[in-house]
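Visitor: Hello! I am new to this structure and would like to learn how to read it. Could you take me through some of its features?

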Amino acid sequence: LLASGYFAVLALTVAAVLPPAIISLRRVNERTNELLPARASAQAFLTHAVDQETGERGYVITGQSSFLQPYVSGLQRTRDDVAQLERLKLTSDERIALRNATDALDRWRVNGADPEIAATRAGDSAKARMLVSSGAAKQLFDEFRTEQASLSDLIDARARQSDRDVHAASVFVLAMLGLCAVVVGALAFIFARALRRAAREEDDSTRSLADAENLQRTIASVTSAMASARTVSEVSRAAVTGIGDAVAAPFGSVRIVDESTGAVYFAATYGMTDTLNKEWEVYSDNPNTPVSMLVKTRKRMTVTKADYTKHYPKIADATAAAGVEAILYVPVLQAGDVIAVISLGLPDGRPAAVAYAEATLDTLAPIVGEAIARAQLFEGEQQIAATLQNAMLGQERTDDERVSVAARYRAASQDLFVGGDWYDCIELANDRLALIVGDAVGHGVEATAAMGQLRSAAAGLAEAVSDPAVLMRHLETFARRTPAATCATCLIVILDLAAPRVQYVSAGHPPALVIDPDGTTTFLDDVQGPPLAAGVIDRRRHSGERSIEFGTTVVLYTDGLVERRRESIDVGLERLRATAARDRAQPVEEMCDRLLRDLLTEETIDDVAIVAVRLEQARSHRFTRRIDSDPAKLGPLRHDFARWLDEWSVPSERADGMLVAVGEAVANSVEHAYPLAEPGVVVLDAGIDDDDMLRVTVRDHGTWREPVADPMRGRGRQLMKEFADEFEIRSEPVGTLVSLSFNLNGSTRP
Amino acid sequence: VNDDLVITVDVDDDSVLVSVRGEIDRANAHELEQRLNDATRASVPRIVDLTEVTFIDSGGLRALQMSAQRAPLRIVLPEGARIARTLKIAGIHELIPIFATVAEAKEL
């Protein structure tokens with residue numbers, strides 16, 4: 001298009017220039033071929049006529065015939081001149097003027113010159129002189145002169161006009177040529193620019209093609225990295241390191257934002273020094289931090305070096321040290337809400353580099369958003385599953401002081417997989433207590449739900465049946481209708497306090513361990529049946545039975561407690577037997593803790609449940625209470641405990657100190673272990689040993705994810721330390737355990 | 001709220017006397033603190049008599065301390081009182097002056 005336009009303009013210019021140029025050339029030609037000869041001939045015509053007239057007068061005056069010669073030859077010459085002029089192209093005016101001049105000359109010759117010559121030749125000098133003096137000839141010649149002059153004037157005028165035409169045409173042609181040159185130049189300039197731009201665009205498209213390829217690679221690698229991440233922080237880490245690599249960012253972070261609460265926290269960072277992390281805290285209250293502005297605008301922003309040097313000088317030093325020229329903040333949106341903010345320190349602050357980083361982030365932010373939302377959902381589900389399981393566990397309560405029961409559950413070491421282990425303790429009529437431990441196959445919400453169903457079924461059926469084998473058969477029927485419960489294992493132990501004895505049945509579950517007070521240990525492994533609903537219908541489930549004595553402990557557990565990789569289960573069972581025998585004198589709460597402590601390793605990946613039950617002496621050496629995490633329960637518990645201490649005749653001044661110390665332990669659990677919205681349970685377990693030590697444990701099952709690190713600070717801790725003879729606080733995987741011991745020094749025996 | 005705690009306030013020309021009987025724990029500590037704060041009078045000493053208190057935990061101690069930070073407070077607590085050891089361990093005497101009798105507390 002440009003080229004055709006170029007040629008069109010050129011053609012128009014040529015068309016405009018050509019006619020005047022031709023005119024000009026023709027005029028020049030005309031001047032050379034006609035006007036100059038015409039002027040010369042007209043001049044010669046005059047000269048020859050003048051010669052003629054001069055010769056004629058000389059003859060008339062002198063009478064010498066030699067003077068007549070110019071007249072005679074002039075006659076011929078003037079005729080030649082006229083003929084010459086007539087051959088040339090003359091205008092009509094010029095022709096008229098030429099004829100007039102010729103006629104005038106003829107008139108002079110006929111009426112002027114010839115009579116005088118005739119008179120002279122005839123020797124009539126008087127007549128000749130009379131003719132001359134009459135001036136007739138002279139007058140006629142003057143008339144000729146006039147006519148000739150007008151001819152010359154016409155020719156001259158034409159010549160001048162021609163000159164003017166040539167000049168005008170030349171000027172026009174020159175002007176047009178100049179214009180043409182300007183247009184051509186301008187077009188050439190435009191054309192060159194267009195060419196340059198086209199070349200640049202091609203360049204750009206080559207580069208953007210490379211950028212697009214890089215972006216595709218980044219998307220692929222980040223997406224696949226995020227796909228294998230489950231938690232929010234894993235996803236965030238995969239995202240920020242992947243994108244950071246792609247734009248060569250020395251540091252980066254992902255902040256998780258909760259718009260409803262305004263909470264912001266770092267889910268993942270890399271390359272950020274402590275200074276950088278800490279210094280941002282300095283600005284976290286500032287409503288104009290990039291992050292808070294971003295939450296408002298929902299648009300990405302790039303903070304340049306100049307910006308943060310001005311507004312956040314402390315960051316400026318740290319970013320400069322990291323080699324960062326600009327920081328890019330990009331909101332991650334989900335359903336219109338900002339759920340996260342990705343920030344990257346860019347090593348190159350130039351517009352092109354920033355634009356590339358921005359484009360990369362623009363493309364990836366929605367993908368990251370999906371992944372984070374998915375991870376949040378996953379964590380939410382895990383939390384639901386864990387909450388479900390937590391709610392289903394912990395039923396180790398019994399008000400019967402002839403037995404003490406303790407139970408523990410430890411989640412799998414990959415704490416995000418909620419297992420299917422469960423336990424329950426059901427008080428039955430006729431002084432009986434059913435203890436059940438089970439392990440549903442699989443993990444997650446489904447396994448938890450199956451476990452809940454089995455547990456509910458067991459609790460509902462336990463009261464109606466007397467033989468644990470019958471209970472197990474009912475459970476099996478139930479499991480057959482509940483796909484997620486298929487192949488679950490289960491162990492039921494019924495403790496008959498009156499006999500006293502245990503009845504038990506196992507469906508593919510590791511056997512219960514009985515520890516007698518003298519240290520004798522027995523695995524109840526004589527009635528092992530297949531797991532629930534595992535293919536063959538086994539209606540032959542039978543229960544076993546064994547008598548027990550006061551002080552005997554029965555331990556039920558799931559396989560996580562005894563199984564280790566690359567080790568026979570017999571080794572694990574033997575380890576359990578030895579550990580339980582060693583700790584048989586400990587309160588069951590402490591015994592459970594020691595089992596967890598000594599039998600589990602870093603490698604334990606499965607979840608673990610333990611239930612320990614002990615037939616206590618008839619007299620209550622023990623005081624066990626479970627209270628809700630409500631400060632109003634502190635007083636009644638304290639009074640109960642005071643009465644128990646009084647039964648044992650603990651001196652009141654000593655008892656006062658115990659009440660303070662134990663009260664602090666319970667109060668701390670009540671206050672710190674549970675969020676306000678989720679009240680939990682605090683367990684107080686006190687027992688008097690044979691060596692006259694009062695041992696008290698206070699336990700909470702506080703927040704399952706983050707055990708309170710050390711809530712017992714300050715005054716409460718000080719009081720416990722002073723009043724108790726031994727004092728220890730342990731953070732457990734689930735909750736906190738406070739142990740207090742008081743030496744009674746024989747003062748209690750009545 | 002808690003029957004275990006009885007608080008009475010006596011105002012006379014030269015003092016405000018808050019007498020406490022029963023048990024002070026986290027459940028009712030805020031009540032004590034509120035009553036103590038309400039009993040504050042300019043230019044008259046404020047005295048809290050803890051002689052009849054049979055139990056106090058760190059929540060109760062904190063209530064005393066918080067109230068004493070708002071306005072001067074004097075504690076009456078004889079040597080042999082049941083909560084004497086608790087206050088001593090907690091170092092309350094370093095924060096709030098303790099007198100054996102109400103008369104002594106008024107005197108100063």
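Guide: Gladly; let us begin with aromatic rings. Rings of Phe, Tyr and Trp (its six-membered ring) pair if their centres lie within 6.5 Å; planes under 30 degrees apart count as stacked, over 60 as edge-to-face and the rest as tilted. Over all chains, the structure holds seven such aromatic pairs. Before going on, please note that this is a predicted model, in which local features need pLDDT of at least 70, side-chain atom pairs count only at pLDDT 80 or more, and totals for chains, interfaces and linings use all residues. Residues are numbered from 1 along each chain as its sequence is written, chains are lettered from A and ligands numbered from 1 in the order in which they are written, and side-chain values use heavy atoms, with hydrogens and water left out.

Visitor: How do W108(A) and F141(A) pair, and why is the pair called edge-to-face?

Guide: Their ring centres are 5.1 Å apart and the planes meet at 70 degrees, so the pair is edge-to-face. It links distant parts of the chain: W108(A) belongs to helix α3 (residues 92-121) of chain A and F141(A) to helix α5 (residues 136-227) of chain A, 33 residues apart. Helices (H or I, at least four residues) and strands (E, at least two) are DSSP runs, numbered from the N terminus. W108(A) and F141(A) are both buried, where buried means under 20% relative accessible area, exposed over 50%, and partly exposed in between (1.4 Å probe, protein chains only). They also belong to one aromatic cluster with F45(A), Y71(A) and F144(A).

Visitor: What kind of aromatic pair do F641(A) and W644(A) form?

Guide: That pair is stacked, with 6.0 Å from centre to centre and 20 degrees between the planes. Both residues lie in helix α16 (residues 634-647) of chain A, three residues apart, which is about one turn of the helix. F641(A) counts as buried because its relative accessibility is 2%, and W644(A) is buried too, at 4%.

Visitor: Which ring does the charged end of R638(A) sit over?

Guide: First the rule: a charge sits over a ring if NZ of Lys or CZ of Arg is within 6 Å of the ring centre and within 35 degrees of the ring normal. Here the charged end of R638(A) sits over the ring of F55(B), 4.0 Å from its centre.

Visitor: Now the strands, please. What is the order of strands in the open sheet of five?

Guide: In general, strands of a sheet pair through backbone hydrogen bonds, either parallel or antiparallel. Two strands count as paired if DSSP finds at least two bridges between them. In chain A, the order is β17-β18-β19-β21-β20, with antiparallel pairing. β17 (622-628) and β20 (726-731) of chain A stand at the edges with a single partner strand each, so one side of each has no neighbour in the sheet. On average, neighbouring strands here are turned by 10 degrees against each other, direction ignored. β17(A) pairs with β18 (residues 681-688) of chain A in the antiparallel sense over seven bridges, and F623(A) stands opposite A686(A) in β18(A).

Visitor: Which strands does α17(A) touch as it packs on the sheet?

Guide: α17(A) touches β17, β18, β19 and β21 of chain A, and its direction makes about 175 degrees with that of β21(A). Contact means heavy atoms within 4.5 Å; axes are lines fitted to C-alpha atoms, for helices over the stretch in contact, and angles run from 0 to 180 degrees between N-to-C directions. E664(A) is found in this helix, α17 (residues 652-672), and counts as buried because its relative accessibility is 0%. Leaving aside residues up to four places away in sequence, E664(A) touches G716(A), L719(A), M720(A), R26(B), D57(B) and S58(B).

Visitor: Where are backbone details worth a look?

Guide: P500(A) is in the loop between β9 (489-496) and β10 (501-507) of chain A. Then there is A533(A), not a glycine, yet with a positive phi of about 55 degrees. A533(A) is buried, with a relative accessible area of 8%.

Visitor: Is R566(A) buried or exposed?

Guide: R566(A) counts as exposed because its relative accessibility is 72%. Its place is the loop between β15 (553-557) and α14 (569-582) of chain A, and its phi, near 55 degrees, is positive in a residue other than glycine.
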